Amino acid sequence: GIDPDIHHPITLTPEEQARYGADVCFIGGLSGRFHSARRQMIEFAVEQGIDIKVWGGYREHFVGSPILKVWQGQIWGEDQVKALCAAKIGLNFHVDHQQGELNRGLNLRAFELASCGVFQLLQRVPSVGEFFEEDKEIVCFDTQEDMLNKTRFYLTHEADRQRIAHAARERVLRDHTWTHRVQHMSEHLVRVLKERHDQSRA
């Protein structure tokens, strides 16, 4: 879930656009221990000439990696929102995992990107359909070649990119704020307590 008062579209100044802007943005960890798959994909994107800025992690993580050329340092708070809003495409990866480990839920980044009105390319996981309608509210990729092809396609199809980003923002505001999550948990708790109460009286 997200707080729409924090993650929302921002109109950037020319100076901010120059500072944060790129065709593609990624914000997140890239250590070799938990993020080797996403690291390889981002290295591939850099080597293929994609205009990308990477935020997060530490400089020593990228010594000897092409990522060092596009790494921008740490970023937090409102600056993070500005970096997301300055990009045409936000890349979203999950941590390294075994089959079946990510069959439920999405990472927080999926909702942050959507709430900021940023078109999102998401590394496919089985649960994506529980939260977004694929190819209408979010676009998924399976391999690094798939990621590259879809990145290039949507960079040159602005109307499609904006339509999907707009639909994702509408969906997240309708279904995926923290208010919705708390309401869902409260309703679930009430059901559980009622079931236990009914069982105790049976």
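Visitor: Over how many bridges do strand β1 and β2 pair?
Guide: This is a predicted model, in which local features need pLDDT of at least 70 and side-chain atom pairs count only at pLDDT 80 or more, while totals for chains, interfaces and linings use all residues. Residues are numbered from 1 along each chain as its sequence is written, and side-chain values use heavy atoms, with hydrogens and water left out. Helices (H or I, at least four residues) and strands (E, at least two) are DSSP runs numbered from the N terminus, and two strands pair if DSSP finds at least two bridges between them. Strand β1, residues 22–27, runs parallel to β2, with Ile 27 opposite Trp 55 in β2, and the number of bridges in this pairing is 4.

Visitor: Which residue in β5 does Leu 121 stand opposite?
Guide: On one side, β4 pairs with β3 in the parallel sense over 4 bridges, and Leu 91 stands opposite Leu 121 in β4. On the other, 3 bridges join β4 to β5, also in parallel. In β5 the residue opposite Leu 121 is Val 139.

Visitor: How many residues of strand β4 are buried?
Guide: Buried means under 20% relative accessible area, exposed over 50%, and partly exposed in between, with a 1.4 Å probe and protein chains only. Phe 119, Leu 121 and Gln 123 point one way from β4, Gln 120 and Leu 122 point the other way, and all are buried. Of the 5 residues in β4 (119–123), the buried number is 5.

Visitor: What is the relative accessible area of Phe 93?
Guide: Phe 93 is found in the loop between β3 and α4. Not counting residues up to four places away in sequence, Phe 93 touches several residues, among them Phe 26, Met 41, Arg 109 and Phe 141. Phe 93 is buried, and the value is 0%.

Visitor: Which helix gives the most to the lining of the largest pocket?
Guide: On a 1 Å grid over the protein atoms alone, a pocket is an open set of points with protein on both sides within 12 Å along at least five of seven lines, a cavity is a set where a 1.4 Å probe fits but cannot get out, and lining residues have an atom within 4 Å of a point. Grid points are joined across faces, edges and corners, and a volume is the space filled by probe spheres set on the points. The largest pocket holds about 330 Å³ and is lined by 20 residues, with Ile 27, Gly 28, Gly 29, Trp 76 and Arg 109 nearest its centre. With 3 residues, the helix that gives the most is α4.

Visitor: How many nonpolar residues are in the lining of the second largest pocket?
Guide: The second largest pocket has about 210 Å³ of space. Of its 14 lining residues, Cys 85, Ala 87, Cys 116, Gly 117 and Val 118 are the closest to its centre. Ala, Val, Leu, Ile, Met, Phe, Trp, Tyr, Cys and Pro count as nonpolar, Asp, Glu, Lys and Arg as charged, and the others, Gly among them, as polar. Beside 2 polar and 3 charged residues, the nonpolar number is 9.

Visitor: What volume does the largest cavity have?
Guide: A search of the whole structure finds 1 cavity of 30 Å³ or more. Val 24, Ala 45, Ile 50, Ile 52, Leu 91, Met 147, Leu 148 and Thr 151 line the largest cavity, and helix α5 (residues 144–155) gives the most, with 3 residues. The volume is about 40 Å³.

Methods
Contact means heavy atoms within 4.5 Å.
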